[in-house]
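Welcome, and do keep the viewer open while you read. This short report walks through the fold, the charges and the surface.

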Amino acid sequence: MVESYEQFLRYMEAVREHFDYIVDIKDAVANEEWDLLRGIVEDAPDHVKEALNLAPSKGGIFTTHEVHVMKCNPGRNLH
């Protein structure tokens, strides 16, 4: 979990600010659209990824599976 109330507020602000990105990621993963997912992740600025980088066990918005597939390209062996 976040360490302080201030960190929690900053994280929730990042979630609110980048909600469209979060929904796009979750939608691509749910529909197994791996090329789309790769494009979304590659196009996102580093500051967005860093702001939302919180482990699921610590209260992060992304599931363990979503974090895993964002780091690898599950579709690369399908072609």
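Arg16 and Glu13 sit three residues apart in helix H1, about one turn of the helix. Their side chains meet in a salt bridge, with N to O at 2.5 Å. Arg16 counts as exposed, at 61% relative accessibility, while Glu13 is partly exposed at 34%. Please bear in mind that this is a predicted model, with every value computed from it.

## The chain as a whole

Let's step back to the overall fold. The C-alpha trace spans about 45 × 20 × 20 Å along its principal axes.

Of the 79 residues in the chain, 30% are buried. Among contacts with a separation of 6 or more, 67% join residues 24 or more positions apart. The accessible surface comes to about 5600 Å², and carbon and sulfur atoms account for 53% of that area.

## More salt bridges

Arg38 is partly exposed at 34% relative accessibility, whereas Glu42 is exposed at 56%.

Helix H4, residues 46-51, holds both Asp46 and Lys49, three residues apart and so about one turn of the helix from each other. Their side chains form a salt bridge at 3.9 Å, N to O. Asp46 counts as exposed with 52% relative accessibility, and Lys49 is partly exposed with a relative accessible area of 28%. Elsewhere, salt bridges that share partners link Asp35, Arg38 and Glu42 into one network.

## Charge on the surface

The chain carries 8 positive and 15 negative side chains. The centres of these two sets lie 6 Å apart. Where does negative charge gather in a patch on the surface? Such a patch is made by Asp20, Asp24, Asp27 and Glu33.

Asp24 belongs to helix H2, residues 19-30. Its relative accessible area is 39%, so Asp24 is partly exposed.

## A nonpolar patch and a buried histidine

The surface also has a nonpolar side. Tyr5, Phe8, Leu9 and Met12 make a nonpolar surface patch of about 400 Å². Phe8 is placed in helix H1 and counts as partly exposed, because its relative accessibility is 37%.

Is His18 buried or exposed? With a relative accessible area of 13%, His18 is buried, as the cut-off for that class is under 20%. His18 lies in the loop between helix H1 (5-17) and H2. Leaving aside residues up to four places away in sequence, His18 touches His47, Val48 and Leu52.

Key: Residues are numbered from 1 along each chain as its sequence is written. This is a predicted model: local features need pLDDT of at least 70, side-chain atom pairs count only at pLDDT 80 or more; totals for chains, interfaces and linings use all residues. Side-chain values use heavy atoms; hydrogens and water are left out. Patches are made of residues with over 30% relative accessible area and no salt bridge: like charges are joined within 9 Å, nonpolar side chains (Val, Leu, Ile, Met, Phe, Trp, Tyr) within 5 Å. Accessible areas come from the Shrake-Rupley method with a 1.4 Å probe; for residues, only the protein chains shown count as cover. A salt bridge is a side-chain nitrogen of Lys or Arg within 4 Å of a carboxyl oxygen of Asp or Glu. Lys and Arg count as positive and Asp and Glu as negative; His and the chain ends are not counted. The place of a charge is taken as NZ of Lys, CZ of Arg, CG of Asp or CD of Glu. Helices (H or I, at least four residues) and strands (E, at least two) are DSSP runs, numbered from the N terminus. Buried means under 20% relative accessible area, exposed over 50%, partly exposed in between (1.4 Å probe, protein chains only). Contact means heavy atoms within 4.5 Å.
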